[in-house]
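Reader: I am new to this structure. Could you take me through it in short questions and answers?

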Amino acid sequence: GEVKLADFGLARLYNADNRERPYTNKVITLWYRPPELLLGEERYGPAIDVWSCGCILGELFLKKPLFQANQEPAQLEMISRLCGTPTPAVWPNVIKLPLFHTLKSKKQYRRKLREDFVFMPTPSLELLDSMLVLDPDRRITAEDALKSNWLKNVIPEQLPPPQLPTWQDCHELWSKKRRRQLREQQESALNLPPGKPSGSTIKLDGITLPGTGAPTGINML
């Protein structure tokens, strides 16, 4: 019953009353980054998170991320194919964005989100459609999204929270820590200086040993 967007790596104090304060537009994982950031917007607000939540909502039904690109131009292209090309007709202020002319889509696409997601229940599709509006000023707010017909019978207080694992580290951090430990054990077993590539070879009494898989019983002194 809760959605939490919780990567605070580039977090800054946000003042909703100050619409002129610039922020970096290099935020949000690329697949969930809204078109205004892709086009260089530096004065933005909570609408960017509504877009990200919309991407997640669609992903829950599609069973895979909606927009999977590895570069910003390609990301905007994928968004355009589903949500339509950003143009002044649907987004009046888009021409004011710094990268509008440089990242402009090569082809004009019409919006076909409702067609491609027709398999979704109508109330959820309406919510998705309103969250993935190109123009952030016309995008539904989080407050209004919670009033969606799809969510009107949802009572978060009555939903048991999921049992998230508490006995392990974040996978990325754990795997990096584990690799470092294995490397240190390997270097210690071969008496290698710290940081020396483990794939190198080492000579012992005239015998060349590989940097990996050396017998642990050998006395390296």
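This is a predicted model: local features need pLDDT of at least 70, side-chain atom pairs count only at pLDDT 80 or more; totals for chains, interfaces and linings use all residues.

Reader: What share of the residues in the chain is buried?
Author: A residue counts as buried under 20% relative accessible area. The chain has 221 residues. The buried share of them is 33%.

Reader: Is Cys55 buried or exposed?
Author: The cut-off for buried is under 20% relative accessible area. Cys55 has 2% relative accessibility, so Cys55 is buried.

Reader: How many salt bridges does a search of the whole structure find?
Author: A salt bridge needs a side-chain nitrogen of Lys or Arg within 4 Å of a carboxyl oxygen of Asp or Glu. Arg33 and Glu72 meet this at 2.8 Å, N to O. The search of the whole structure finds 11 salt bridges.

Reader: How many residues apart in sequence are the parts that Arg33 and Glu72 tie together?
Author: The side chains of Arg33 and Glu72 meet in a salt bridge. Arg33 lies in the segment before H1, and Glu72 lies in helix H3. The pair therefore ties together parts whose separation in sequence is 39 residues.

Reader: Are Arg33 and Glu72 buried or exposed?
Author: Take the cut-off of 20% for buried again. Arg33 has 10% relative accessibility, so Arg33 is buried. Glu72 has a relative accessible area of 17%, so Glu72 too is buried.

Reader: How far apart are the closest N and O atoms of Asp144 and Lys147?
Author: The limit for a salt bridge is 4 Å. Asp144 and Lys147 form one. Asp144 is partly exposed, at 36%, and Lys147 is exposed, at 56%. Their closest N and O atoms are apart by 3.9 Å.

Reader: Which residues gather in a patch of positive charge on the surface?
Author: Lys and Arg count as positive, and a patch residue must have over 30% relative accessible area. Arg180, in helix H7 (residues 171-190), has 39% relative accessibility and counts as partly exposed. The patch gathers Lys177, Arg179, Arg180 and Arg183.

Reader: What is the area of the nonpolar surface patch made by Val3, Leu5, Ile56 and Leu60?
Author: Ile56 has its place in helix H2 (residues 47-62). At 35% relative accessibility, Ile56 is partly exposed. Together with Val3, Leu5 and Leu60, Ile56 makes a patch of about 370 Å².

Reader: How far apart in space are Asn93 and Asp135, C-alpha to C-alpha?
Author: Asn93 is in the loop between helix H3 (72-83) and helix H4 (113-116). In sequence, Asn93 and Asp135 are 42 residues apart. In space, C-alpha to C-alpha, they are apart by 8.1 Å.

Reader: What is the phi of Ile28?
Author: Ile28 lies in the segment before helix H1 (35-38). Ile28 is partly exposed, at 22%. Phi is positive here, in a residue other than glycine, and is near 75 degrees.

Reader: Where is Lys63, which has a positive phi although it is not a glycine?
Author: The phi of Lys63 is about 70 degrees. At 69% relative accessibility, Lys63 counts as exposed. Its place is in the loop between H2 and H3.

Conventions:
Residues are numbered from 1 along each chain as its sequence is written. Side-chain values use heavy atoms; hydrogens and water are left out. Patches are made of residues with over 30% relative accessible area and no salt bridge: like charges are joined within 9 Å, nonpolar side chains (Val, Leu, Ile, Met, Phe, Trp, Tyr) within 5 Å. Accessible areas come from the Shrake-Rupley method with a 1.4 Å probe; for residues, only the protein chains shown count as cover. The place of a charge is taken as NZ of Lys, CZ of Arg, CG of Asp or CD of Glu. Helices (H or I, at least four residues) and strands (E, at least two) are DSSP runs, numbered from the N terminus. Buried means under 20% relative accessible area, exposed over 50%, partly exposed in between (1.4 Å probe, protein chains only).
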